[in-house]
Amino acid sequence: MNSVLDVIAGHPGFFSLEGVDGSGKTTQLALLADRLRQQGRDVLTVREPGGTPVSDKIRQLILSPENPIVPAAELLLFSAARAQLVADVIAPALRAGKIVLADRFGWSTLAYQGYGRGMDPGPIRELFRIACGDVWPLHSFLLDLPVTSMRGRLEAGGRPADRMEREDSSFFDRVRQGYLSIAKENPDRFTVIDAGRAPEAVHQAIVSGLSPMLPAFR
Ligand code: Z5A
């Protein structure tokens, strides 16, 4: 496919975790960051949307259940939050030689706004160029989880559902299938991991996938 992503190589110090809600991204990001730090690496973790004062305000706006937001506005808000995070936090950290681990990045927009909401992927990819420039993860780990398991984990967590989490199961099914399609179309940029296993097994799978991309990481 001819798109802006074909010409963005991915930064060698930048990695992201992707997947539906409750797939374990936050848990795995913390385990991975700890492991890298124990091996003496300088690691920055970020989560999207958020991570700067402006991006955090946009996060509140997008996720509050009382705000009805049309798909086009949703797409632009996620993109605006990302543009600020890239400029203020991710790009400077990469320039300083840090490893950046992101809990979601642009692939989430293709999966949720593209496949989930049914928006045209062409303009979404063009927005990546505007928001991110050449800042893109070298590789992403897709934590794949069936929607029934996702629901079970979120209900067990007990916190009230945000605006996105109130979508029905067919929306999340489109998102999950969208992620799997994106990973299939971009095999060099993705490792798909069965996230239904115990946290330690998922962690080991991520470490195995990452080690060839980071010198002396195990
Ligand atoms: N979104 C979008 O539409 N477009 C975009 O461009 C971007 C985002 C960037 C952000 O929500 C929402 O914005 C998200 C996508 C959309 N919404 N939806 N719907 P968020 O940042 O608040 O949350 P999230 O990213 O969706 O993730 P989460 O709910 O925080 O889940 P998680 O980080 O993937 O999982 P977790 O917190 O590590 O674990 C969830 C629970 O499962 C917790 O109780 C854990 O203890 C448990 N857990 C974790 N791992 C396991 C395993 N392996 N086994 C069993 N239980 C586990």
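An oxygen atom of the ligand comes within reach of the backbone of Gly24, with 3.1 Å to a polar atom there; such a polar contact is a pair of N or O atoms within 3.5 Å. Of the 1100 Å² that the ligand exposes when taken alone, the protein buries 82%, with accessible areas from the Shrake-Rupley method and a 1.4 Å probe. The structure is a predicted model, in which local features need pLDDT of at least 70 and side-chain atom pairs count only at pLDDT 80 or more, while totals for chains, interfaces and linings use all residues. Residues are numbered from 1 along each chain as its sequence is written, and side-chain values use heavy atoms, with hydrogens and water left out.

In Thr26, an N or O atom of the side chain is 2.4 Å from a ligand oxygen atom. Gln113 places a polar side-chain atom 2.8 Å from a nitrogen atom of the ligand.

Around the ligand is a shell of 29 residues, the closest being Asp21, Lys25, Thr26, Thr27 and Thr109; a residue belongs here if one of its heavy atoms lies within 4 Å of the ligand. By type, the shell holds 11 nonpolar, 8 polar and 10 charged residues. In this division Ala, Val, Leu, Ile, Met, Phe, Trp, Tyr, Cys and Pro are nonpolar, Asp, Glu, Lys and Arg are charged, and the others, Gly among them, are polar. At least two shell residues come from each of α1, α2, α3, α4 and α6, and α4 gives the most, with 4 residues. Helices (H or I, at least four residues) and strands (E, at least two) are DSSP runs, numbered from the N terminus.

The ligand takes up the space of the largest pocket, as a molecule sits in a pocket if more than half of its atoms lie within 2 Å of its grid points. A pocket is an open set of points on a 1 Å grid over the protein atoms alone, where a 1.4 Å probe fits, with protein on both sides within 12 Å along at least five of seven lines; lining residues have an atom within 4 Å of a point. The largest pocket has a volume of about 670 Å³, the space filled by probe spheres set on the points, which are joined across faces, edges and corners. Its lining counts 33 residues, with Asp21, Gly22, Lys25, Asp103 and Arg104 nearest the centre, and divides into 11 nonpolar, 9 polar and 13 charged.

Arg104 has a positive phi, near 80 degrees, though the residue is not glycine, and lies in the loop between β3 (99-103) and α4. In another loop, between β2 (43-47) and α2, lies Pro49, and the peptide bond from Glu48 to Pro49 is cis, with omega near -10 degrees.

Notes. A polar contact is a pair of N or O atoms within 3.5 Å; within protein, one must be able to donate a hydrogen and the other to accept it, and residues adjacent in sequence count only if both atoms are side-chain atoms.
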